[in-house]
Amino acid sequence: VALRDVNVSIAPETRVAVVGETGSGKTTFAKLLTRLMDPTGGDVMVGGVNIDQVRFGSLRDRVVMVPQEGMLFRGTIGDNVLMGHPEASREDLLQCFHDLGLDDWLGELSAGLDTPVGERGSSLSVGERQLVTLVRAAISDPDLLVLDEATSAVDPSTEVRISRALNQLTESRTVVTIAHRMSTAEAADRVLVFDNAELVQDGTHEELVAQGGIYGRLYSSWERGTSNIG
């Protein structure tokens, strides 16, 4: 989806939810922020610097995207987390699990950090793969975190752990979340609403509910239990 006339400035340490139906441009916006896609016109600036002027390795350290589906490679949990910061020590890894409130989960695994994850993380559940992906993001200590909110149902205990880890991970960081749940938008500092590749609404949850429009319709639908915002 090619975005048109999008002009957004995001203040540091702001939690932004990006909302819209499937195909509205949410994912394109996230890819532009993380340079998984380059704009054909206009500029993407991070910290006042054009993103295409930042060395790719440096950008990967400062801007991290957590995909909807946690992608892992064959190896151990520790190996996968180290992708986020290859110079990290074993103690650093254990501390990161602790900081995210996940040391209890790590202790339940057969071999802790040395637990094999299988091909593409096949030996772990969907939620457990997401946990490893969150720790990998945390160990890199990014300034900007771009989250594609997971939509797959996970068991209640893992969902609690994901929520707890996310709360710790997003503390004191600029966070842009592609929101698939209206509750995420409700809790954000700011909501960007995309429709047909355009930014059509921008404000707080309360402001946008009062405005009505697309956001008001999506929120009302969610309250009735029928919303799927893509």
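Which residues touch the most other members of the largest nonpolar core? Some notes on that and the rest.

1. First, the basis. This is a predicted model, where local features need pLDDT of at least 70 and side-chain atom pairs count only at pLDDT 80 or more, while totals for chains, interfaces and linings use all residues. Residues are numbered from 1 along each chain as its sequence is written, and side-chain values use heavy atoms, with hydrogens and water left out.

2. On the opening question: I77, V81, F97 and L145 touch the most other members of that 30-residue core. A nonpolar core here is a set of buried Ala, Val, Leu, Ile, Met, Phe, Trp, Tyr and Cys residues joined through side-chain atoms within 4.5 Å; buried means under 20% relative accessible area with a 1.4 Å probe, protein chains only.

3. Among the others supplying at least two each are β4 (63–66), α3 (77–82) and α7 (156–169).

4. Have a look at F97. Leaving out residues up to four places away in sequence, F97 touches I77, V81, L102, D103, W105, L106, L113 and V135 (contact means heavy atoms within 4.5 Å).

5. As for the whole chain, 47% of the 230 residues count as buried. The C-alpha trace spans about 50 × 45 × 30 Å along its principal axes. Of the contacts between residues at least 6 apart in sequence, 74% join residues at least 24 apart.

Conventions: Buried means under 20% relative accessible area, exposed over 50%, partly exposed in between (1.4 Å probe, protein chains only). Helices (H or I, at least four residues) and strands (E, at least two) are DSSP runs, numbered from the N terminus.
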